[in-house]
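This briefing is written for a reader who wishes to inspect a protein model at the level of single residues. Please keep the sequence and the structure in view while reading.

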Amino acid sequence: MSLKNIHSKLTDLDYVATDEDLSDKPKTPFSEITLVEKWANFGNLLQVEGELNMASIINANKPMLKNNQIIFALPNKLMEDQFGVIRPKLLNYLREELNNYGIVVKTEVLQEEVKKYIYTPQEKFQKLVESNPDVMLLKTKFGLDI
C-alpha cells in the first residue's frame with residue numbers, strides 16, 4: 001500500500017450507496033459502552049482477516065458518542081485518509097450489530113505538535129539549558145562562550 005494508492009481511493013461516499021433509503025430501517029438506541037465494545041470487536045475482526053494496518057487505525061483511539069453521532073479522533077491526516085477506506089465496512093458492521101441504521105461516523109484530526117528544529121548554536125544552548133539548568137551555571141562560572 002502506497003500513499004498514492006491511498007489518495008486515489010474513492011471516498012467513503014462512493015462506497016456507500018447514497019440512494020439507499022434507510023428511513024424505514026430500525027434506529028435502536030445504544031450506549032457508548034456498547035459502541036466501544038462493538039468497535040473493539042470490529043478491530044479484532046480486521047486482525048483475524050489479516051488487515052493489520054486497518055486494525056491498528058481502528059484501535060488507535062476509542063470512539064465517542066455525541067448527539068447520536070460517532071466521533072472518532074485520529075492523530076494525523078494520513079490515518080484519517082486511511083480510515084476513509086475502511087469506513088463503509090465499519091458502518092455496515094456497526095449498523096447491523098447495533099441495529100441502528102442512522103449511525104454516522106465523523107472523524108477528527110487531533111492537533112499535531114509542530115516540531116521546531118534547532119539550528120543555531122544559541123538555540124542549541126537554550127535547549128540544553130531548558131533540559132539542565134546547571135549548564136548555565138557552568139557557562140557563567142567558567143566564563144564560557146557559545
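The model is predicted; local features need pLDDT of at least 70, side-chain atom pairs count only at pLDDT 80 or more, and totals for chains, interfaces and linings use all residues. Residues are numbered from 1 along each chain as its sequence is written, and side-chain values use heavy atoms, with hydrogens and water left out. The protein has seven helices and three strands, where helices (H or I, at least four residues) and strands (E, at least two) are DSSP runs numbered from the N terminus.

**Confidence**

- The mean pLDDT of the protein is 82, pLDDT being the predictor's confidence in each residue on a scale from 0 to 100.
- A value of 70 or more is reached by 82% of the residues.

**Overall architecture**

- Read from the N terminus, the order of elements is α-α-α-α-β-β-α-β-α-α.
- Of the 146 residues in the protein, 29% are buried; buried means under 20% relative accessible area, exposed means over 50%, and partly exposed lies in between (1.4 Å probe, protein chains only).
- When contacts between residues at least 6 apart in sequence are considered, 67% of them join residues at least 24 apart.

**Salt bridges**

- Five salt bridges are present in the structure, each defined as a side-chain nitrogen of Lys or Arg within 4 Å of a carboxyl oxygen of Asp or Glu.
- One of them pairs E97 with K38, with the closest N and O atoms 3.3 Å apart. This pair links distant parts of the chain, since E97 lies in helix α5 (residues 77-98) and K38 in helix α3, 59 residues apart.
- E97 is partly exposed at 39% relative accessibility, whereas K38 is buried at 16%.
- K77 and E80 form a salt bridge with an N to O distance of 3.2 Å. Both residues belong to helix α5 and are three residues apart, about one turn of the helix.
- K77 has a relative accessible area of 48% and is partly exposed, while E80 has 17% and is buried.
- K77 also forms a salt bridge with D81, where the closest N and O atoms are 3.5 Å apart. D81 and K77 are separated by about one helical turn because they are four residues apart in helix α5.
- D81 is partly exposed, with a relative accessibility of 21%. Elsewhere, salt bridges with shared partners join E49, E51 and K89 into one network.

**The α6 and α7 pair**

- The axes of helix α6 (residues 121-131) and helix α7 (residues 134-142) come within 6 Å and cross at roughly 120 degrees. The axes are lines fitted to C-alpha atoms, for helices over the stretch in contact, and angles between N-to-C directions run from 0 to 180 degrees.
- On the α6 side, F125, L128 and V129 meet V135, M136 and K139 of α7.
- This contact comprises five nonpolar, no polar and one charged residues. Ala, Val, Leu, Ile, Met, Phe, Trp, Tyr, Cys and Pro count as nonpolar, Asp, Glu, Lys and Arg as charged, and the others, Gly among them, as polar.

**Two individual residues**

- V105 is located in strand β3 (residues 105-109) and is buried, with 6% relative accessibility.
- Leaving aside residues up to four places away in sequence, V105 touches W39, I70, F83, R87 and L91.
- V105 and Q69 are 36 residues apart in sequence, and their C-alpha atoms are 6.2 Å apart in space.
- K38, in helix α3, touches Y93, L94, E97 and L98 when residues up to four places away in sequence are not counted.

Note on methods:
Contact means heavy atoms within 4.5 Å.
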